[in-house]
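Visitor: Before we go through this molecule, I would like every label to be tied to the rule behind it. Could you show me the sequence and the structure first?

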Amino acid sequence: MTNVHVGIQLGREPARLEFGGPAVHRRPGERSVYPTWGEVSSDNDVEMFRQAKRMLNRIDASVVGPALDAQPLLAIFDLTGGDGDGDGGGARCARVDPPAIEWSVPPL
């Protein structure tokens, strides 16, 4: 693969746009977002080949408070390796919980 992009999954399709509520999946108490890996073809089609689950209920309460005031949430995590796929450098998949993901509210 040579032209790989990462976006948030909307419904069942990978997306490469700015995201809000429609990117949130599952029912209350189990909400999550899905970074999605896809290869972009020469005609700009995206073929998804992997996704990862980021659970929103795992965000520390001290971070959620400021985010409720319409501030953005920032998630920092490695996009590759650590997923048990054996190659150590493949696209990370499965659920990623702290400390492998760090949530914060960036200053405005």
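Visitor: Why is R26 called partly exposed?

Guide: R26 has a relative accessible area of 41%, and because buried means under 20%, exposed means over 50% and partly exposed is whatever falls in between (1.4 Å probe, protein chains only), this residue belongs in the middle class. As to provenance, this is a predicted model, in which local features need pLDDT of at least 70 and side-chain atom pairs count only at pLDDT 80 or more, whereas totals for chains, interfaces and linings use all residues. Residues are numbered from 1 along each chain as its sequence is written, and side-chain values use heavy atoms, with hydrogens and water left out.

Visitor: Where is R26 placed, and which residues is R26 in contact with?

Guide: R26 is found in the loop between β2 (13-14) and β3 (32-33). Once neighbours within four places in sequence are set aside, R26 contacts R31, S32, Y34 and K53, where a contact requires heavy atoms within 4.5 Å. The C-alpha atoms of R26 and M55 are 9.9 Å apart, although 29 residues separate the two along the chain.

Visitor: What makes A23 buried rather than exposed?

Guide: A23 has a relative accessibility of 2%, so it counts as buried. A23, too, is in the loop between β2 and β3, and its C-alpha atom is 6.2 Å from that of V33, a residue ten positions away in sequence.

Visitor: Does the rule place E30 as buried, exposed or partly exposed?

Guide: At 23% relative accessibility, E30 counts as partly exposed. E30 also lies in the loop between β2 and β3 and, leaving out residues up to four places away in sequence, touches H25, M55 and N57.

Visitor: Why is T36 called buried?

Guide: T36 shows a relative accessible area of 1%, and therefore it is buried. T36 belongs to strand β4 (residues 35-40), and its side chain reaches the backbone oxygen of Y34 at 3.1 Å.

Visitor: What makes N44 exposed?

Guide: N44 has 53% relative accessibility, so it counts as exposed. N44 is in the loop between β4 and β5 (46-55), and its phi is near 70 degrees, which is a positive value in a residue other than glycine.

Visitor: Which bond joins P98 and P99?

Guide: P98 and P99 are joined by a cis peptide bond, with omega about 10 degrees. P99 is in the loop between β7 (94-95) and β8 (101-104).

Visitor: Why does V96 count as buried?

Guide: The relative accessible area of V96 is 5%, so V96 is buried. V96 lies in the loop between β7 and β8 and, setting aside residues up to four places away in sequence, touches K53, R54 and I101. The C-alpha atoms of V96 and R54 are 5.9 Å apart, while 42 residues separate them along the chain.

Visitor: Which residues make up the largest nonpolar core?

Guide: The largest core has six residues, namely I59, V63, F77, V96, I101 and W103. A nonpolar core is a set of buried Ala, Val, Leu, Ile, Met, Phe, Trp, Tyr and Cys residues joined through side-chain atoms within 4.5 Å.

Visitor: What sits over the ring of F77?

Guide: The charged end of R54 sits over that ring, 3.9 Å from its centre. The rule asks for NZ of Lys or CZ of Arg within 6 Å of the ring centre and within 35 degrees of the ring normal.

Visitor: How much of the chain counts as buried, and what share of its accessible surface belongs to carbon and sulfur atoms?

Guide: Of the 108 residues, 28% count as buried, and of an accessible surface of about 7000 Å², 51% belongs to carbon and sulfur atoms. Among contacts with a separation of 6 or more, 56% come from residues 24 or more positions apart.

Definitions and conventions
Accessible areas come from the Shrake-Rupley method with a 1.4 Å probe; for residues, only the protein chains shown count as cover. Helices (H or I, at least four residues) and strands (E, at least two) are DSSP runs, numbered from the N terminus. A polar contact is a pair of N or O atoms within 3.5 Å; within protein, one must be able to donate a hydrogen and the other to accept it, and residues adjacent in sequence count only if both atoms are side-chain atoms.
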